[in-house]
Amino acid sequence: FLKVPFPSEREANIALQSLSPDPEPRKGGIKKILGVSGQTMSVKWTADEARILRVSVSSFLDHLSLVMETMDAFGPAV
C-alpha cells in the first residue's frame with residue numbers, strides 16, 4: 001500500500017488520470033487499485049509472487065516520478 005501526498009486535490013487527480021490507464025504488463029498474478037482522497041493518491045497492490053510485485057511497484061514509481069516532474073516543469077495546476 002502506498003500513499004502519495006500532492007499540493008492540491010487537482011494535482012492528485014491529474015496524477016491518478018495519468019497513471020490509471022497503464023495496464024499491468026502481465027495478465028493475472030497482480031492487481032493494482034488506484035484512488036484519490038483529498039490531496040492524497042493511494043495505490044494498493046496484491047500479487048501472487050514477490051517478484052511480480054517488485055516489478056509492478058518499480059514500474060509504477062518510475063511513471064509516478066515522470067508525472068511529478070512534468071507537473072513541476074509546467075507549474076501548478078490552474
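**Reasoning about a ring pair and a sheet**

Visitor: What makes Phe60 count as buried or exposed?

Guide: Phe60 has a relative accessible area of 3%. Buried means under 20%, so Phe60 is buried. Keep in mind that this is a predicted model.

Visitor: And how do you know where Trp45 falls, buried or exposed?

Guide: The relative accessible area of Trp45 is 11%. That is again set against the cut-off of under 20%, so Trp45 is buried.

Visitor: Why are the rings of Trp45 and Phe60 called a pair?

Guide: Their centres are 5.4 Å apart, and rings pair if their centres lie within 6.5 Å. The structure holds one aromatic pair, and this is the one.

Visitor: What kind of pair do the planes make?

Guide: The planes stand at 80°. Planes over 60 degrees apart count as edge-to-face, so the pair of Trp45 and Phe60 is edge-to-face.

Visitor: Which parts does the pair tie together?

Guide: Trp45 belongs to strand β3 (residues 40–47) and Phe60 to helix α2 (residues 50–73), so the pair ties together parts that are 15 residues apart in sequence.

Visitor: How do you know whether β1 and β3 pair?

Guide: They are joined over four bridges, in the antiparallel sense. Pairing needs at least two bridges, so β1 and β3 pair. Lys3, for example, stands opposite Ser42 in β3.

Visitor: What makes β1 and β2 edge strands?

Guide: The open sheet has the order β1-β3-β2. β1 (2–5) and β2 (30–37) each pair on one side only. Helix α2 lies across β1, β2 and β3.

Key: Residues are numbered from 1 along each chain as its sequence is written. This is a predicted model: local features need pLDDT of at least 70, side-chain atom pairs count only at pLDDT 80 or more; totals for chains, interfaces and linings use all residues. Side-chain values use heavy atoms; hydrogens and water are left out. Rings of Phe, Tyr and Trp (its six-membered ring) pair if their centres lie within 6.5 Å; planes under 30 degrees apart count as stacked, over 60 as edge-to-face and the rest as tilted. Helices (H or I, at least four residues) and strands (E, at least two) are DSSP runs, numbered from the N terminus. Buried means under 20% relative accessible area, exposed over 50%, partly exposed in between (1.4 Å probe, protein chains only). Contact means heavy atoms within 4.5 Å. Axes are lines fitted to C-alpha atoms, for helices over the stretch in contact, and angles run from 0 to 180 degrees between N-to-C directions.
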